[in-house]
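User: Hi! Could you walk me through the charged pairs in this one?
Analyst: Happy to, here it is.
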Amino acid sequence: EPTVTVSVSEAPGETHEVVYGNIPLGSISGAKFKDCDADGVWGDTELGIGGWRVHLSGTDVRGNPVSADTLTGADGGFKFAGLLPGAYTVSEEIREAWQPTTDPFFVEDLEVGEDFVGPAFGNIPLSTITACKFYDADIDGTKDEGEAPVNGIRFVLTGTDVTGAAVSMTGSTADGRVAFTGLLPG
């Protein structure tokens, strides 16, 4: 405790010893990046992602539970400072339209005064391709008012994503539309 109360009697030669102990605090930092090639490695041309929530949880050396959140900066970096030694887990926010390309968390047993730099969190945005089918009554290639959607048409999406994997999906129109979701760039 930073404050100690000492009671002094009127006895001559009375002494009191007060001992203060200090411990250097540590930190855990890391970063988040847009992994454009989905390889899990922060490449020279890939940028940090700002405004992404990162969560710290764990237990400090005193047995106290620890829970904190921060947002990544414009460069993708984040830092949890002023930490006692302890066992901590750092996890990234998982967003629906993004796919993690690295582990979405890491664990660290923080030592006294340690400034630990964790691995970077990589993510790649997912895309959607939508197709539509309609009866083009005036044959102008544009869906005009009154031109009805055509249902039950089977569409096939094929290609190669950014990782080199073959992609093949099928879908049928409902209300004249079909959507292929959760696609990596490619």
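Predicted model: local features only at pLDDT ≥ 70, side-chain atom pairs only at ≥ 80, totals over all residues.

User: Great. How many salt bridges turn up in the whole structure?
Analyst: Three, taking a salt bridge as a side-chain nitrogen of Lys or Arg within 4 Å of a carboxyl oxygen of Asp or Glu.

User: What about E92, which side chain does it meet?
Analyst: That of K32, at 2.2 Å from N to O. E92 sits in strand 5 (residues 86–92) and K32 in strand 1 (residues 26–34), so this pair ties together parts 60 residues apart in sequence. Strands here are DSSP runs (E, at least two residues), numbered from the N terminus.

User: Are E92 and K32 buried or exposed?
Analyst: Both are buried.

User: And where does D69 come in?
Analyst: D69 pairs with R53 at 2.8 Å, N to O. D69 belongs to strand 3 (residues 65–71) and R53 to strand 2 (residues 53–60), 16 residues apart. D69 is partly exposed at 47% relative accessible area, and R53 is partly exposed at 35%.

User: Switching to R95, what's its partner?
Analyst: E93, with the closest N and O atoms 3.3 Å apart. R95 is partly exposed at 28%, and E93 counts as partly exposed at 22%.

Key. Residues numbered from 1 in each chain as written. Heavy atoms only, no water. Helix = DSSP H or I, 4+ residues; strand = E, 2+ residues; numbered from the N terminus. Buried < 20%, exposed > 50% of the residue type's maximum accessible area, 1.4 Å probe, protein only.
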